[in-house]
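Please look over the sequence and the structure shown here. A short report on selected sites goes with them.

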Amino acid sequence: MEREELSVPQKELIRESWQTVSQDTLHHGTVLFTRLFELQPELILLFHYNASQFSEVQECLSSEDFMEHIRNVMSVIDAAVSCLDCLPSLDEFLTGLGKKHCAGGVKLESFNIVGVSLLFALERGLGAAFTPDTREAWTRLYSAVVRAMSRGWDPQEE
Ligand code: HEM
């Protein structure tokens, strides 16, 4: 991540806030995806396990397969938080992850709404501790993750 490097205090804010959120990633991840589906309900159509489609958001959110996706998302964020000083070491993994999402029909733009939903879930989880500085730090970290994943939509990566 060359652009918008995280400062030392920003890294500290991220680590501190993640300590709270990571105590129950499934809960906070469920808040994130509940918000995501409120903002863009059609995204639910991209999740189909054993070729079956969910007809209701609640059915999706409570399915074991989807909960595994929530855990996966949160563990990618956890990896980024554990690696704030070595984010480029995640580049290859994140590019590959981007490729899988591209192949699964996910549009890169949808990751902006995931970002909005992540901030929503953090705000819900942290309350007053989610200060404007903490928001800014998370916005930068999430942008770095998406920037790395976005290479998966780049035809040159094929
Ligand atoms: C618009 C938002 C997203 C959609 C529609 C989406 C969709 C999917 C789908 C359909 C799969 C395959 C089925 C499954 O494993 O459950 C998947 C896998 C996965 N997703 Fe997402 N995803 C989204 C956002 C994210 C984000 C933000 C992350 C992490 C930063 C992420 C991390 C993963 C991981 C780690 C896997 C497993 C990949 C593997 O099996 O190797 N996803 N995603």
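## Basis

The model is predicted.

## The iron site

Two histidines supply the protein donors of the iron atom of the ligand: His69 and His101, each through NE2. These donors lie 2.0 to 2.1 Å from the iron atom.

## Helices H1 and H4

H1 packs against helix H4 (residues 64-82) at an angle of about 145°. The axes of H1 and H4 are 11 Å apart, and the crossing of H1 past H4 is left-handed. On the H1 side, the contact is made by Ile14, Arg15, Trp18 and Val21. On the H4 side, Met74, Ile77, Asp78 and Val81 take part. Sorted by class, the contact of H1 with H4 holds six nonpolar and two charged residues, with no polar ones.

Gln10 also sits in helix H1, which covers residues 8-21. The relative accessibility of Gln10 is 11%, so Gln10 is classed as buried. Apart from residues up to four places away in sequence, Gln10 touches Glu5, Glu136, Ala137 and Arg140.

## The loop between E1 and E2

Asn50 lies in the loop that joins strand E1 (48-49) to strand E2 (52-53), and Ala51 is in the loop between E1 and E2 as well. Most residues other than glycine have a negative phi. Asn50, however, has a positive phi, near 50°. Ala51 is not a glycine either, and its phi is positive at about 65°.

Which class of accessibility does Asn50 fall into, buried or exposed? With 76% relative accessibility, Asn50 is exposed. Ala51 is exposed too, at a relative accessible area of 78%.

Met149 is part of helix H7. Its relative accessible area is 6%, so Met149 counts as buried. Which residues does Met149 contact, leaving aside its neighbours within four places in sequence? They are Leu94, Thr95, Leu97, Gly98, His101 and Phe111. The C-alpha atom of Met149 is separated by 8.9 Å from that of Glu92, although Met149 and Glu92 are 57 residues apart along the chain.

Trp153 comes in the segment after helix H7 (132-150). Leaving aside neighbours within four places in sequence, Trp153 is in contact with Gly98, His101, Cys102, Val106, Lys107, Leu108 and Phe111. Trp153 and Ala103 are 50 residues apart along the chain, and their C-alpha atoms are separated by 8.7 Å.

The contacts of Met149 include His101, and those of Trp153 include His101 as well. His101 is one of the protein donors of the iron atom of the ligand.

Terms used:
Residues numbered from 1 in each chain as written. Predicted model: local features only at pLDDT ≥ 70, side-chain atom pairs only at ≥ 80, totals over all residues. Heavy atoms only, no water. Helix = DSSP H or I, 4+ residues; strand = E, 2+ residues; numbered from the N terminus. Buried < 20%, exposed > 50% of the residue type's maximum accessible area, 1.4 Å probe, protein only. Contact = heavy atoms within 4.5 Å. Axes fitted to C-alpha atoms, helices over the stretch in contact; angles between N-to-C directions. Left-handed = near helix turned anticlockwise from the far one by under 90°. Nonpolar A, V, L, I, M, F, W, Y, C, P; charged D, E, K, R; others polar. Donors = N, O, S within 2.8 Å, 3.2 Å for Na, K, Ca; no water.
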